[in-house]
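Subject: Structure handover

Hello,

Here is the structure for you to take over. My notes on what was found in it follow below the entry.

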Amino acid sequence: MNEVANAEPADVEIRPGVRRPDWSVVTLPAAGEALRARSSSRSGLIDCWLVALNPAEDLVWRRALVLFADLGRAPRTAEIAADARLGEESVGHILKTLQHHDLVGLFEGDGRIVTAYPFTDRTTGHIVNLGARRLNALCAIDALGAGAMHQRDAVVESRCRVCAGPIRIATADLGRAVSTISPPETVVWYDTSYDGSAASSCCTRIAFFCSDGHLNGWLRASGGRSGRRLSVEEALQVGRALFAPVLAEATAPREEKSERRRIAQV
Ligand SMILES: [Zn+2]
(Lines give C-alpha, C1' and ligand atoms only; values in the text may rest on other atoms or scores of the structure.)
Protein backbone atom coordinates (compact mmCIF):
# COMPACT_ATOMS: atom_id res chain seq x y z
CA MET A 1 0.00 0.00 0.00
CA ASN A 2 1.34 3.41 -0.89
CA GLU A 3 1.00 5.37 2.33
CA VAL A 4 1.93 8.70 0.81
CA ALA A 5 -0.75 8.49 -1.87
CA ASN A 6 -3.42 7.44 0.63
CA ALA A 7 -2.48 9.86 3.39
CA GLU A 8 -4.75 12.79 4.14
CA PRO A 9 -2.92 16.06 4.78
CA ALA A 10 -0.73 16.36 7.83
CA ASP A 11 -0.79 12.99 9.43
CA VAL A 12 2.25 11.64 11.19
CA GLU A 13 3.54 8.09 11.51
CA ILE A 14 3.94 8.07 15.28
CA ARG A 15 5.31 4.52 15.34
CA PRO A 16 5.78 1.96 12.58
CA GLY A 17 2.45 1.50 10.81
CA VAL A 18 0.50 3.81 13.18
CA ARG A 19 -0.57 7.17 11.79
CA ARG A 20 -2.08 10.11 13.65
CA PRO A 21 -4.74 11.27 12.99
CA ASP A 22 -6.20 7.92 11.91
CA TRP A 23 -8.13 9.05 8.84
CA SER A 24 -9.58 5.55 8.35
CA VAL A 25 -12.10 6.15 11.17
CA VAL A 26 -13.30 9.47 9.72
CA THR A 27 -16.46 8.74 7.71
CA LEU A 28 -18.57 11.81 8.54
CA PRO A 29 -17.76 14.76 6.22
CA ALA A 30 -17.90 17.39 8.98
CA ALA A 31 -15.41 15.41 11.08
CA GLY A 32 -13.00 15.31 8.15
CA GLU A 33 -13.48 19.02 7.50
CA ALA A 34 -12.77 19.82 11.16
CA LEU A 35 -9.53 17.84 11.10
CA ARG A 36 -8.47 19.47 7.85
CA ALA A 37 -9.30 22.93 9.22
CA ARG A 38 -7.16 22.08 12.22
CA SER A 39 -4.27 21.04 9.98
CA SER A 40 -4.32 24.30 8.07
CA SER A 41 -4.85 26.72 10.95
CA ARG A 42 -2.90 24.90 13.66
CA SER A 43 0.36 24.57 11.76
CA GLY A 44 2.28 25.20 14.98
CA LEU A 45 0.82 22.09 16.57
CA ILE A 46 1.33 19.96 13.48
CA ASP A 47 4.97 21.14 13.33
CA CYS A 48 5.45 19.93 16.92
CA TRP A 49 3.91 16.57 16.10
CA LEU A 50 5.88 16.08 12.88
CA VAL A 51 8.99 15.25 14.87
CA ALA A 52 9.00 11.48 15.26
CA LEU A 53 9.65 10.27 18.79
CA ASN A 54 12.47 7.83 19.41
CA PRO A 55 11.51 4.47 21.01
CA ALA A 56 12.32 5.59 24.59
CA GLU A 57 10.30 8.80 24.18
CA ASP A 58 7.41 6.86 22.66
CA LEU A 59 7.53 4.37 25.56
CA VAL A 60 7.47 7.11 28.21
CA TRP A 61 4.59 8.88 26.43
CA ARG A 62 2.48 5.69 26.27
CA ARG A 63 3.27 4.50 29.80
CA ALA A 64 2.46 7.95 31.20
CA LEU A 65 -1.00 7.77 29.59
CA VAL A 66 -1.68 4.21 30.74
CA LEU A 67 -0.62 5.10 34.30
CA PHE A 68 -2.73 8.29 34.19
CA ALA A 69 -5.86 6.20 33.55
CA ASP A 70 -4.87 3.44 36.00
CA LEU A 71 -4.05 5.81 38.85
CA GLY A 72 -6.77 8.36 38.15
CA ARG A 73 -4.18 11.16 38.34
CA ALA A 74 -0.96 12.27 36.65
CA PRO A 75 1.83 9.75 37.29
CA ARG A 76 4.97 10.94 39.09
CA THR A 77 8.27 10.82 37.20
CA ALA A 78 9.51 8.01 39.50
CA GLU A 79 6.36 5.96 38.82
CA ILE A 80 6.88 6.23 35.06
CA ALA A 81 10.57 5.34 35.45
CA ALA A 82 9.73 2.20 37.46
CA ASP A 83 6.97 1.21 35.04
CA ALA A 84 9.07 1.77 31.90
CA ARG A 85 12.24 0.36 33.51
CA LEU A 86 14.18 3.51 32.76
CA GLY A 87 16.22 5.78 35.02
CA GLU A 88 14.32 8.59 36.72
CA GLU A 89 16.72 11.23 35.40
CA SER A 90 16.36 9.90 31.88
CA VAL A 91 12.56 9.98 32.16
CA GLY A 92 12.80 13.58 33.41
CA HIS A 93 14.73 14.56 30.27
CA ILE A 94 12.31 12.69 28.03
CA LEU A 95 9.32 14.43 29.63
CA LYS A 96 10.89 17.79 28.73
CA THR A 97 11.20 16.61 25.11
CA LEU A 98 7.56 15.51 25.14
CA GLN A 99 6.59 18.91 26.53
CA HIS A 100 8.48 20.57 23.68
CA HIS A 101 6.24 18.61 21.29
CA ASP A 102 3.14 19.68 23.28
CA LEU A 103 2.32 16.06 24.14
CA VAL A 104 2.57 16.67 27.89
CA GLY A 105 2.54 19.72 30.16
CA LEU A 106 4.89 19.77 33.17
CA PHE A 107 4.77 21.53 36.53
CA GLU A 108 7.54 24.13 36.40
CA GLY A 109 8.65 23.52 39.98
CA ASP A 110 9.67 19.87 39.87
CA GLY A 111 9.05 18.81 36.27
CA ARG A 112 6.27 16.37 37.09
CA ILE A 113 3.40 15.82 34.67
CA VAL A 114 0.30 17.98 35.06
CA THR A 115 -1.17 17.30 31.62
CA ALA A 116 -0.79 14.39 29.22
CA TYR A 117 -3.37 14.85 26.47
CA PRO A 118 -6.21 13.94 26.74
CA PHE A 119 -5.89 14.05 30.56
CA THR A 120 -4.91 16.68 33.10
CA ASP A 121 -4.81 17.04 36.88
CA ARG A 122 -6.39 20.48 36.53
CA THR A 123 -10.13 20.86 36.97
CA THR A 124 -11.50 21.54 33.49
CA GLY A 125 -15.20 20.78 33.80
CA HIS A 126 -14.87 17.83 31.39
CA ILE A 127 -14.90 14.53 33.31
CA VAL A 128 -14.18 11.16 31.71
CA ASN A 129 -15.30 8.12 33.67
CA LEU A 130 -13.07 5.21 32.66
CA GLY A 131 -13.84 2.16 34.75
CA ALA A 132 -13.71 3.29 38.38
CA ARG A 133 -11.58 6.36 37.59
CA ARG A 134 -12.80 9.91 37.12
CA LEU A 135 -10.35 11.89 35.04
CA ASN A 136 -10.26 15.50 33.88
CA ALA A 137 -9.98 15.86 30.10
CA LEU A 138 -8.55 18.99 28.48
CA CYS A 139 -11.56 19.62 26.26
CA ALA A 140 -14.69 18.09 24.75
CA ILE A 141 -12.79 16.36 21.93
CA ASP A 142 -10.16 14.96 24.31
CA ALA A 143 -12.93 13.69 26.59
CA LEU A 144 -14.68 11.95 23.68
CA GLY A 145 -11.41 10.41 22.38
CA ALA A 146 -10.22 9.00 25.72
CA GLY A 147 -12.34 5.83 25.57
CA ALA A 148 -11.13 4.84 22.10
CA MET A 149 -7.55 5.53 23.20
CA HIS A 150 -7.87 3.06 26.08
CA GLN A 151 -10.12 0.70 24.09
CA ARG A 152 -12.90 0.80 26.66
CA ASP A 153 -16.24 2.51 27.03
CA ALA A 154 -16.34 5.86 28.76
CA VAL A 155 -18.96 8.17 30.21
CA VAL A 156 -18.25 11.84 29.63
CA GLU A 157 -19.77 14.42 31.99
CA SER A 158 -19.61 18.11 31.24
CA ARG A 159 -21.75 21.25 31.26
CA CYS A 160 -23.11 23.59 28.62
CA ARG A 161 -20.68 26.50 28.26
CA VAL A 162 -23.62 28.95 28.30
CA CYS A 163 -26.25 27.70 30.77
CA ALA A 164 -24.14 25.17 32.76
CA GLY A 165 -26.82 22.55 32.20
CA PRO A 166 -25.47 19.01 32.69
CA ILE A 167 -24.33 17.06 29.63
CA ARG A 168 -23.68 13.33 29.67
CA ILE A 169 -22.43 11.15 26.82
CA ALA A 170 -21.85 7.40 27.01
CA THR A 171 -19.85 5.49 24.40
CA ALA A 172 -20.32 2.01 22.96
CA ASP A 173 -18.11 -0.41 21.05
CA LEU A 174 -15.04 0.23 23.27
CA GLY A 175 -15.20 3.98 22.87
CA ARG A 176 -15.61 3.86 19.09
CA ALA A 177 -19.27 4.92 18.91
CA VAL A 178 -21.79 7.10 20.73
CA SER A 179 -24.30 5.21 22.85
CA THR A 180 -26.39 7.88 24.60
CA ILE A 181 -26.42 11.70 24.56
CA SER A 182 -28.15 13.82 27.16
CA PRO A 183 -29.61 16.22 26.27
CA PRO A 184 -30.00 14.83 22.72
CA GLU A 185 -29.54 18.32 21.17
CA THR A 186 -25.95 18.59 22.54
CA VAL A 187 -23.34 19.97 20.10
CA VAL A 188 -19.58 20.60 20.25
CA TRP A 189 -17.61 23.69 19.23
CA TYR A 190 -14.23 22.67 17.75
CA ASP A 191 -12.01 25.73 18.01
CA THR A 192 -8.96 25.81 15.75
CA SER A 193 -6.94 28.67 17.25
CA TYR A 194 -3.50 27.68 18.56
CA ASP A 195 -0.76 29.62 20.35
CA GLY A 196 1.91 27.04 21.07
CA SER A 197 0.10 25.05 23.76
CA ALA A 198 -3.22 23.41 22.99
CA ALA A 199 -4.06 23.32 26.71
CA SER A 200 -3.91 27.12 27.01
CA SER A 201 -5.41 28.05 23.63
CA CYS A 202 -7.86 25.97 21.60
CA CYS A 203 -8.62 23.44 24.35
CA THR A 204 -10.16 26.10 26.55
CA ARG A 205 -12.70 26.81 23.80
CA ILE A 206 -13.49 23.26 22.60
CA ALA A 207 -16.64 22.79 24.58
CA PHE A 208 -20.09 21.26 24.81
CA PHE A 209 -23.30 23.23 24.34
CA CYS A 210 -26.76 21.95 25.24
CA SER A 211 -28.20 23.21 21.92
CA ASP A 212 -27.38 25.03 18.70
CA GLY A 213 -29.18 28.02 20.18
CA HIS A 214 -26.71 28.29 23.04
CA LEU A 215 -23.71 27.67 20.77
CA ASN A 216 -24.83 30.36 18.32
CA GLY A 217 -25.47 32.85 21.11
CA TRP A 218 -21.98 32.19 22.52
CA LEU A 219 -20.39 32.59 19.08
CA ARG A 220 -22.19 35.91 18.55
CA ALA A 221 -21.15 37.16 21.99
CA SER A 222 -17.51 36.20 21.45
CA GLY A 223 -17.26 38.24 18.26
CA GLY A 224 -16.51 35.45 15.80
CA ARG A 225 -14.28 32.45 16.26
CA SER A 226 -12.34 30.20 13.95
CA GLY A 227 -13.61 26.64 14.25
CA ARG A 228 -16.38 24.19 13.45
CA ARG A 229 -19.73 23.17 14.93
CA LEU A 230 -19.87 19.39 15.31
CA SER A 231 -22.54 16.92 16.33
CA VAL A 232 -21.49 14.60 19.17
CA GLU A 233 -21.02 11.73 16.66
CA GLU A 234 -18.79 13.94 14.49
CA ALA A 235 -16.83 15.13 17.53
CA LEU A 236 -16.30 11.55 18.69
CA GLN A 237 -14.84 10.68 15.27
CA VAL A 238 -12.40 13.60 15.56
CA GLY A 239 -11.44 12.50 19.08
CA ARG A 240 -11.07 8.91 17.98
CA ALA A 241 -8.94 9.84 14.94
CA LEU A 242 -6.64 11.89 17.19
CA PHE A 243 -6.40 9.65 20.26
CA ALA A 244 -6.96 6.01 19.26
CA PRO A 245 -3.54 5.85 17.52
CA VAL A 246 -1.73 7.11 20.63
CA LEU A 247 -1.76 3.75 22.43
CA ALA A 248 -2.03 1.58 19.30
CA GLU A 249 0.64 -1.07 18.95
CA ALA A 250 3.10 -0.70 16.10
CA THR A 251 2.25 -2.76 13.06
CA ALA A 252 5.84 -2.69 11.92
CA PRO A 253 6.43 -4.06 8.46
CA ARG A 254 10.07 -4.66 9.35
CA GLU A 255 9.16 -6.76 12.39
CA GLU A 256 6.65 -8.75 10.36
CA LYS A 257 9.32 -9.42 7.77
CA SER A 258 11.87 -10.58 10.35
CA GLU A 259 9.17 -12.70 12.00
CA ARG A 260 8.42 -14.31 8.66
CA ARG A 261 12.11 -14.86 8.08
CA ARG A 262 12.44 -16.54 11.47
CA ILE A 263 9.51 -18.81 10.71
CA ALA A 264 10.98 -19.60 7.30
CA GLN A 265 14.31 -20.46 8.90
CA VAL A 266 12.62 -22.81 11.35
ZN1 LIG B 1 -27.11 25.52 27.48
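Two strands count as paired if DSSP finds at least two bridges between them. That is the sense in which I use pairing below, and please keep in mind that this is a predicted model.

Overall make-up

The protein chain has ten helices and 13 strands. Of its 266 residues, 38% are buried. Taking contacts between residues at least 6 apart in sequence, 60% join residues at least 24 apart.

The eight-stranded sheet

An open sheet is formed by eight strands in the order β3-β4-β5-β7-β6-β8-β9-β10, and the pairing is antiparallel. Its edge strands are β3 and β10 (177–182), each of which pairs on one side only.

At the β3 end, strand β3 (residues 104–106) runs antiparallel to strand β4 (residues 113–116), and three bridges join them. Gly105 is opposite Thr115 in β4, and Leu106 is opposite Ile113. The two strands make a hairpin with six residues between them, and Gly111 in the turn has a positive phi of about 75°.

On from there, β4 is joined to strand β5 (residues 119–120) by two bridges, again in an antiparallel arrangement. Which residue of β5 is the bridge partner of Thr115? The partner is Thr120. A hairpin through two residues connects β4 to β5.

Helix α4 (residues 55–71) lies across β3, β4, β5, β6 (127–130) and β7 (133–137), and runs at about 100° to β4.

Strand β11 (residues 187–191) is mostly covered, with five of its five residues buried. In a regular strand the side chains alternate between the two faces of the sheet. In β11, Val187, Trp189 and Asp191 point one way, while Val188 and Tyr190 point the other way, and all are buried.

β11 has antiparallel pairing with strand β12 (residues 207–209), through three bridges, and with strand β13 (residues 227–231), over five bridges. Val188 has Phe208 of β12 as its bridge partner, and Tyr190 has Arg228 of β13.

Helices α7 and α9

Helix α7 (residues 140–150) is packed against helix α9 (residues 232–243) at an angle of about 60°, with the axes 7 Å apart. The pair is therefore oblique, and the crossing is right-handed. On the α7 side the contact is made by Ala140, Ile141, Asp142, Leu144, Gly145, Ala146, Ala148 and Met149; on the α9 side it is made by Ala235, Leu236, Val238, Gly239, Arg240, Leu242 and Phe243.

Is α7 mostly covered or mostly open? α7 is mostly covered: eleven of its eleven residues are buried. Just after α7, Gln151 takes a positive phi of about 55°.

The nonpolar core

The largest nonpolar core has 65 residues, and the members that touch the most others are Ala64, Ala140, Ala235 and Val238. Of these, Ala140 belongs to the α7 side of the helix contact, and Ala235 and Val238 to the α9 side.

What does Ala235 contact, leaving aside its neighbours within four places in sequence? Ala235 is in contact with Ala140, Ile141, Leu144, Val188, Tyr190 and Leu230. Val188 and Tyr190 point the same way from β11, opposite to Val187, Trp189 and Asp191.

An exposed loop position

Gly87 is in the loop between α5 (77–84) and α6 (88–100). Gly87 counts as exposed because it has 10 C-beta neighbours inside 10 Å, and the cut-off for exposed is 12 or fewer. Its C-alpha atom is separated by 9.7 Å from that of Thr77, ten residues apart along the chain.

Regards

How values were computed. Residues are numbered from 1 along each chain as its sequence is written. This is a predicted model: local features need pLDDT of at least 70, side-chain atom pairs count only at pLDDT 80 or more; totals for chains, interfaces and linings use all residues. A nonpolar core is a set of buried Ala, Val, Leu, Ile, Met, Phe, Trp, Tyr and Cys residues joined through C-beta atoms within 7 Å. A residue is buried if 20 or more other C-beta atoms lie within 10 Å of its own, exposed if 12 or fewer, and partly exposed in between; C-beta atoms are placed from the backbone. Two residues are in contact if their C-beta atoms, placed from the backbone, lie within 7 Å. Helices (H or I, at least four residues) and strands (E, at least two) are DSSP runs, numbered from the N terminus. Axes are lines fitted to C-alpha atoms, for helices over the stretch in contact, and angles run from 0 to 180 degrees between N-to-C directions. Angles under 35 degrees count as roughly parallel, over 145 as roughly antiparallel, 65 to 115 as roughly perpendicular and the rest as oblique. A crossing is left-handed if the near helix is turned anticlockwise from the far one by less than a right angle, and right-handed if clockwise.
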